[in-house]
Amino acid sequence: MIAKVISRCVARAASKGWEKTYWAIDIHGTIMKPNYKVGEITTEFYPLAKEVLQALSKRKDIILILYTCSYPQEIEQYLALFSSADIHFTYVNENPEVVDCGYGHYGSKFYFNILLEDKAGFDPYTHWQDIQTFLENS
């Protein structure tokens, strides 16, 4: 199912002549297994999350946005962890590249094409594999 959504998004971007798509990605329950410990970030990736995010990071047509409610000091730690794993997020909880326009007001909600978030139905045990398969076939 997630591959179908991504495929539709990529096709729409191509038909509109957009050079890139924006992917907002949550940490806990999506990229990393939560540890539920205050003051200690989790470091355990879900299977294939690291590999898929590394592949997405290398693509010039995808902008990764870290979508998180983590505290600022935790965000710094996560960004360092991800960077050391060759995973690169361009923005955190914002997308300054897309501003208000005729079809949307982005002053209080930033623009994204794809949302990977466990609370929005993302299943880290199956969807990372689906995205990897999509990337291999596109």
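K58 is exposed: its relative accessible area is 59%, and over 50% is what counts as exposed. Keep in mind that this is a predicted model. You'll find K58 in helix α2, which covers residues 49-58. Pair K58 with V98 and you get 40 residues of separation in sequence, while their C-alpha atoms lie 21 Å apart in space.

Now for helix α1. With 15 residues (2-16) at 1.5 Å a residue, α1 should span 21 Å, and that agrees with the 21 Å between its end C-alpha atoms. Which residues of α1 are buried? They are I2, I6, C9 and A13. Looking down the axis of α1, these buried residues stay within an arc of 60 degrees, so they line one face of the helix. Turned away from that buried side is a face with the exposed residues K4, R8, A14 and S15.

What do the buried residues of α1 pack against? Here are their partners:

| Element | Residues |
|---|---|
| β1 | 21-25 |
| β4 | 114-116 |
| α4 | 127-137 |

Last stop, the open space. Rolling a probe the size of a water molecule over the atoms shows where empty space is left. The largest pocket here has a volume of about 330 Å³. It is lined by 18 residues, and H28, N35, Y36, K37 and E74 are the closest to its centre. By type, the lining of the largest pocket splits into seven nonpolar, six polar and five charged residues.

Note on methods: Residues numbered from 1 in each chain as written. Predicted model: local features only at pLDDT ≥ 70, side-chain atom pairs only at ≥ 80, totals over all residues. Heavy atoms only, no water. Helix = DSSP H or I, 4+ residues; strand = E, 2+ residues; numbered from the N terminus. Expected span 1.5 Å × (residues − 1). Buried < 20%, exposed > 50% of the residue type's maximum accessible area, 1.4 Å probe, protein only. Arc of directions from axis to C-beta. Contact = heavy atoms within 4.5 Å. 1 Å grid on protein atoms, 1.4 Å probe; cavity = no way out; pocket = protein on both sides within 12 Å on 5 of 7 lines; lining within 4 Å. Points joined across faces, edges and corners; volume = space filled by probe spheres on them. Nonpolar A, V, L, I, M, F, W, Y, C, P; charged D, E, K, R; others polar.
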